[in-house]
Amino acid sequence: MQQLNFSSYSFRFKNSENKVSIFDPIRKKFIILTPEEWVRQHVVQFLMAEKNYPKSLINVEKVLKVNGLRKRYDVVVYNSDGSIFILIECKAPEVTISQSTFDQIAQYNMTLKSNYLMVTNGLNHYFCQMDFENKKYQFLTELPHYQLNRI
């Protein structure tokens, strides 16, 4: 797999039926290794190793309803009260991050009401803080680190 713009992490792999799988510590199972999954697993490691978020507050690949349609988010980090703190959209490295990528995550966030957004293709990372009062977001240089008494 392609080298990404993250620190170096150690992963568990397995090969079966000529397909490589990577172990997802959140879902606690091996997942077929696609370019997008490679990015998603780096994001999970980044959140735990660099930003100190507990594994118990991270969730991966769940279905949500947006305007009556079933959509799937890539990664979320919850607050201790169950509300969503960070919503993360992962794209494969060859996918260019565009305005439509931000529109997609913003649409999801109308339902989820996350405080922070991250969009990444593993090579380029964008971080935003939501301003719900003014219906906009502000770009940040990085995501906040985990704080125990945040909520």
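The side chains of Arg27 and Glu61 meet in a salt bridge (3.7 Å, N to O), a term that stands for a side-chain nitrogen of Lys or Arg within 4 Å of a carboxyl oxygen of Asp or Glu. Because Arg27 lies in the loop between β2 and β3 while Glu61 belongs to strand β4 (residues 58-66), the pair ties together parts that are 34 residues apart in sequence. This is a predicted model, in which local features need pLDDT of at least 70 and side-chain atom pairs count only at pLDDT 80 or more, whereas totals for chains, interfaces and linings use all residues. Residues are numbered from 1 along each chain as its sequence is written, and side-chain values use heavy atoms, with hydrogens and water left out.

Glu61 also forms a salt bridge with Arg40, with 3.5 Å between the closest N and O atoms. Since Arg40 sits in helix α1 and Glu61 in strand β4, this pair joins parts that are 21 residues apart in sequence. Arg40 forms a salt bridge with Glu36 as well, at 3.1 Å between the closest N and O atoms. Arg40 is buried at 3% relative accessibility, whereas Glu36 is partly exposed at 27%; buried means under 20% relative accessible area, exposed over 50%, and partly exposed in between (1.4 Å probe, protein chains only). Asp24, Arg27, Glu36, Glu37, Arg40, Glu61 and Asp74 are linked in a network of salt bridges.

The loop that holds Arg27 belongs to a hairpin of β2 and β3, with four residues between the strands, and Lys28 in the turn has a positive phi of about 55°. Helices (H or I, at least four residues) and strands (E, at least two) are DSSP runs, numbered from the N terminus.

Key. Pairing = 2+ DSSP bridges.
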